[in-house]
Amino acid sequence: MHFSIFLFVLAALSTTIANPGSSLTRTCTISPLGPGRDDTDQVLGAITRCGHGGHTILQEGVFNITRKMTWDLVESKVDLHGYLSFTADIDYWLNPNNTYRVVFIQSQASWFVITGRDFEVDAHSTGGIQGNGQPWWEYFTTHAKADGDGRPISLTVYRAQRGIIRNFAIEAQPFWCNCVAESQSVVYDGMRCNASNANPAFAGTNIVPNTDGINTYRSDNISLLNWDITCGDDCLAIKGNSTNVVAKQIICRGGNGIAFGSLGQYVNLSDIVENVLLEDVQLRRIDASVQPNMQNGIYFKSWDGSVNGVPPTGGGGGTGFVKNITTKNILLDRVAVPLHLYQTNGGHSLDLPSNLTFGGLHFENWTGTALANKIVDIECSVAVGCADIRFSEFNVSAPAGQAPRFICQNVEDVSGLNGPCNATGLP
Ligand SMILES: *[C@@H]1O[C@H](CO)[C@@H](O)[C@H](O)[C@H]1NC(C)=O
Ligand SMILES: *[C@@H]1O[C@H](CO)[C@@H](O)[C@H](O)[C@H]1NC(C)=O
Ligand SMILES: *[C@@H]1O[C@H](CO)[C@@H](O)[C@H](O)[C@H]1NC(C)=O
Ligand SMILES: *[C@@H]1O[C@H](CO)[C@@H](O)[C@H](O)[C@H]1NC(C)=O
Ligand SMILES: *[C@@H]1O[C@H](CO)[C@@H](O)[C@H](O)[C@H]1NC(C)=O
Ligand SMILES: *[C@@H]1O[C@H](CO)[C@@H](O)[C@H](O)[C@H]1NC(C)=O
Ligand SMILES: *[C@@H]1O[C@H](CO)[C@@H](O)[C@H](O)[C@H]1NC(C)=O
Ligand SMILES: *[C@@H]1O[C@H](CO)[C@@H](O)[C@H](O)[C@H]1NC(C)=O
Ligand SMILES: *[C@@H]1O[C@H](CO)[C@@H](O)[C@H](O)[C@H]1NC(C)=O
Ligand SMILES: *[C@@H]1O[C@H](CO)[C@@H](O)[C@H](O)[C@H]1NC(C)=O
Ligand SMILES: *[C@@H]1O[C@H](CO)[C@@H](O)[C@H](O)[C@H]1NC(C)=O
């Protein structure tokens with residue numbers, strides 16, 4: 001048999017015995033069925049056959065995915081050369097029966113979940129997820145939206161251990177691009193998300209809210225390496241019980257910046273965020289006709305001490321702490337507020353102050369530009385204050401001719417700024 005025909009037959013058989021020297025014993029290879037056809041069955045079939053101990057290859061092209069999908073991967077590799085394209089049938093996906101609700105915080109919905117252990121998913125910078133977000137973004141310019149309303153997270157890694165996601169692209173995420181929840185030792189190396197409006201009718205407005213690059217929740221030992229995120233909301237959002245998180249070589253284009261929070265939304269839970277390193281991060285303002293916001297550099301936020309309504313939309317009164325956070329080599333390009341901390345999310349003026357405590361926050365080697373002279377605005381809860389706020393080589397430029405202002409409220413000890421940091425930020 002001619003070798004290429006032999007290969008063709010192997011591929012057509014789909015499930016074959018691969019290189020016996022490899023630890024992966026089975027290989028499943030599939031290609032898109034083509035226009036008008038539904039690929040969901042064949043994708044799930046390949047994962048069922050090869051997802052435990054095997055190797056799954058999705059060839060280049062577009063796989064049409066029409067319903068929710070879980071990949072349970074154990075000691076397994078997936079090469080995703082093409083795109084999983086989730087249909088833009090908004091009414092279908094908003095029906096709670098048609099997505100998963102595995103992400104506890106704010107009861108968010110997922111259409112695609114990866115779970116398991118000891119796996120690698122490599123999208124080779126040629127594949128990933130096509131979220132077809134444009135009609136979603138437009139739909140929600142005329143329909144009310146709220147946390148927990150069922151807009152699906154594009155890629156959810158849930159209850160996973162020792163997984164690697166590599167060179168993965170997510171185009172036009174309708175909602176959060178990624179979420180990692182209840183997982184340990186997951187590495188994302190190479191992640192691109194891009195929520196950019198293409199309809200001139202919405203030029204200059206942010207019609208892509210909630211398109212966060214990732215939310216981390218109830219997860220430990222998570223690495224985010226080489227990320228390039230274009231979005232209209234949090235580039236990274238480190239939420240409750242995220243510990244030992246490293247984010248390195250991150251570019252955030254537009255949106256709200258990098259968030260620690262929101263924390264303290266659930267009165268019956270404590271949110272712990274500890275040992276986080278953000279290194280080599282750029283926050284860049286982009287063409288305002290595509291995305292007008294570049295709000296924060298890095299910001300920290302908790303709900304206040306009173307309970308106002310219930311999650312997913314309301315809440316507050318939760319406890320916990322944030323400590324040992326290092327941010328270094330941060331480059332800002334025309335951000336509105338470079339560094340912000342507040343503990344009044346979702347609050348009203350007569351509410352109780354938050355008991356959630358921020359401390360051990362270190363800011364090293366920040367450079368670049370801000371749009372106004374309020375460079376640092378740290379407003380800690382009067383109930384608990386903040387301790388150990390350290391700056392070194394912190395040099396973000398205010399607009400020409402303006403003296404930078406550093407605001408510190410209820411901060412116990414702050415060091416390293418080249419000016420006073422107090423309640424009004426004025427000398
Ligand atoms: C995806 O599959 C559905 C169901 O078969 C079909 O109606 C639709 O046209 C397909 N979409 C594309 C882009 O091929
Ligand atoms: C969800 O599925 C249940 C059980 O099949 C059904 O009773 C319910 O009407 C469905 N909900 C919607 C919104 O379609
Ligand atoms: C953290 O995750 C990395 C990558 O999966 C792994 O090599 C390392 O052993 C993990 N560390 C701990 C303490 O679990
Ligand atoms: C994001 O997508 C838009 C529209 O397709 C494109 O113009 C832009 O270059 C993309 N950004 C990145 C960083 O790839
Ligand atoms: C905390 O409250 C939420 C509702 O806001 C509930 O779903 C959850 O089960 C509670 N968790 C615990 C540990 O009590
Ligand atoms: C975080 O972990 C602590 C225990 O370490 C637990 O009490 C708390 O409920 C957890 N919070 C969340 C949001 O899961
Ligand atoms: C603080 O966090 C860093 C990671 O940024 C970690 O290497 C270090 O061990 C942590 N320090 C303590 C005292 O836990
Ligand atoms: C904060 O903690 C103090 C001391 O434990 C307690 O008296 C107060 O009620 C707590 N406040 C809130 C809003 O839970
Ligand atoms: C400070 O950060 C910039 C990038 O923002 C980097 O080029 C430079 O080498 C860093 N300086 C030090 C001393 O690490
Ligand atoms: C801060 O940055 C400005 C503009 O880049 C530069 O002129 C100045 O020397 C820097 N100051 C320090 C203390 O590094
Ligand atoms: C701010 O701090 C500076 C230096 O410690 C001090 O001189 C100044 O009076 C303070 N201003 C206000 C408004 O507290």
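Is C408 buried or exposed, and what is its relative accessible area?

Modeller: C408 is buried, at a relative accessible area of 7%; buried means under 20%, exposed over 50% and partly exposed in between, with a 1.4 Å probe and protein chains only. Bear in mind that this is a predicted model, where local features need pLDDT of at least 70, side-chain atom pairs count only at pLDDT 80 or more, and totals for chains, interfaces and linings use all residues. Residues are numbered from 1 along each chain as written, chains are lettered from A and ligands numbered from 1 in written order, and side-chain values use heavy atoms, leaving out hydrogens and water.

C408 forms a disulfide with C421, sulfurs 1.9 Å apart; a disulfide here is a pair of cysteine sulfur atoms within 2.5 Å. The S-S torsion of C408 and C421 is about 85°, so this disulfide is right-handed. C408 sits in strand β27 (residues 405-409) and C421 in the segment after β28 (414-415), so the bond ties together parts 13 residues apart in sequence. Strands are DSSP runs of E, at least two residues, and helices runs of H or I, at least four, numbered from the N terminus. C421 is buried too, at 17%.

By that rule the count is 5 disulfides. In C235 and C252 the sulfurs are 2.2 Å apart, and a torsion of about -80° makes the bond left-handed.

C231 is buried, at 1% relative accessibility.
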